[in-house]
Amino acid sequence: MKRLDREASKLSANTIMKHKAIANKVDKFAPGAELADVNLMWLMDLEAWLIEQGNSKNTIATAMSALKSTVRQAVNFDLLPKDPFAKY
């Protein structure tokens with residue numbers, strides 16, 4: 001959510017809404033999760049959980065895309081050592 005606060009003026013309302021939706025889903029999946037928790041297995045578990053929750057393939061793809069954007073930015077800022085989406 002810090003990213004959204006920082007970049008709100010650059011993002012469209014729909015983009016902000018998508019990122020907030022995935023943030024809410026992640027919080028339900030793993031309350032208190034931090035960027036450092038995100039790895040390939042975590043992503044796969046999140047995807048499985050989203051399927052179990054009845055999300056459609058398009059909803060899951062949109063959610064993972066929004067998360068991927070945030071994770072890639074974290075890698076670019078050296079907040080994560082590597083991109084867990086590289087093998088996803």
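This is a predicted model: local features need pLDDT of at least 70, side-chain atom pairs count only at pLDDT 80 or more; totals for chains, interfaces and linings use all residues.
User: In what order do the elements of the protein chain run from the N terminus on?

Analyst: The protein chain has four helices and zero strands, and 32% of its 88 residues count as buried. Among contacts between residues at least 6 apart in sequence, 47% join residues at least 24 apart. Read from the N terminus on, the elements run α-α-α-α.

User: Which element gives the most residues to the largest nonpolar core?

Analyst: The largest nonpolar core has 19 residues, and those touching the most other members are W42, L43, L46, L50, M64, L67 and V71. Two or more residues come from each of α2 (13-29), α3 (40-52) and α4 (57-76). With eight residues, the element that gives the most to this core is α4.

User: With which residues is L46 in contact, leaving aside its neighbours within four places in sequence?

Analyst: L46 is one of the residues that touch the most other members of the largest nonpolar core. In soluble globular proteins, nonpolar side chains tend to be buried together. Once its neighbours within four places in sequence are left aside, L46 is in contact with V26, F29, M64 and L67.

User: Is L79 buried or exposed, and what is its relative accessibility?

Analyst: L79 lies in the segment after α4, where together with L35 and F77 it makes a nonpolar surface patch of about 310 Å². The threshold for calling a residue exposed is over 50% relative accessible area. L79 therefore counts as exposed, its relative accessibility being 58%.

User: How much of the accessible surface of the protein chain belongs to carbon and sulfur atoms?

Analyst: The nonpolar patch made by L35, F77 and L79 is about 310 Å². For the protein chain, the accessible surface comes to about 6000 Å², and the part that belongs to carbon and sulfur atoms is 53%.

User: Which backbone oxygen does the side chain of N55 reach?

Analyst: N55 lies in the loop between α3 and α4, and with a relative accessible area of 19%, under the 20% limit, it counts as buried. Leaving aside its neighbours within four places in sequence, N55 is in contact with K25, L50 and I60. Its side chain makes a polar contact with the side chain of K25 at 3.0 Å. At 2.9 Å, the side chain of N55 also reaches the backbone oxygen of L50.

User: Which residue forms a salt bridge with D83?

Analyst: Side chains of opposite charge can pair when their charged atoms come close. A search of the whole structure finds one salt bridge, and this pair links distant parts of the chain, with D83 in the segment after α4 and its partner, 11 residues apart, in helix α4. The closest N and O atoms are 2.5 Å apart, and the partner of D83 is R72.

User: Which backbone nitrogen does the side chain of D83 reach?

Analyst: Leaving aside its neighbours within four places in sequence, D83 is in contact with V71, R72 and V75, and V71 is also one of the core residues that touch the most other members. The side chain of D83 makes a polar contact with the side chain of R72 at 2.5 Å. At 2.8 Å, the side chain of D83 reaches the backbone nitrogen of F85.

Conventions:
Residues are numbered from 1 along each chain as its sequence is written. Side-chain values use heavy atoms; hydrogens and water are left out. A nonpolar core is a set of buried Ala, Val, Leu, Ile, Met, Phe, Trp, Tyr and Cys residues joined through side-chain atoms within 4.5 Å. Buried means under 20% relative accessible area, exposed over 50%, partly exposed in between (1.4 Å probe, protein chains only). Contact means heavy atoms within 4.5 Å. Patches are made of residues with over 30% relative accessible area and no salt bridge: like charges are joined within 9 Å, nonpolar side chains (Val, Leu, Ile, Met, Phe, Trp, Tyr) within 5 Å. Accessible areas come from the Shrake-Rupley method with a 1.4 Å probe; for residues, only the protein chains shown count as cover. A salt bridge is a side-chain nitrogen of Lys or Arg within 4 Å of a carboxyl oxygen of Asp or Glu. A polar contact is a pair of N or O atoms within 3.5 Å; within protein, one must be able to donate a hydrogen and the other to accept it, and residues adjacent in sequence count only if both atoms are side-chain atoms.
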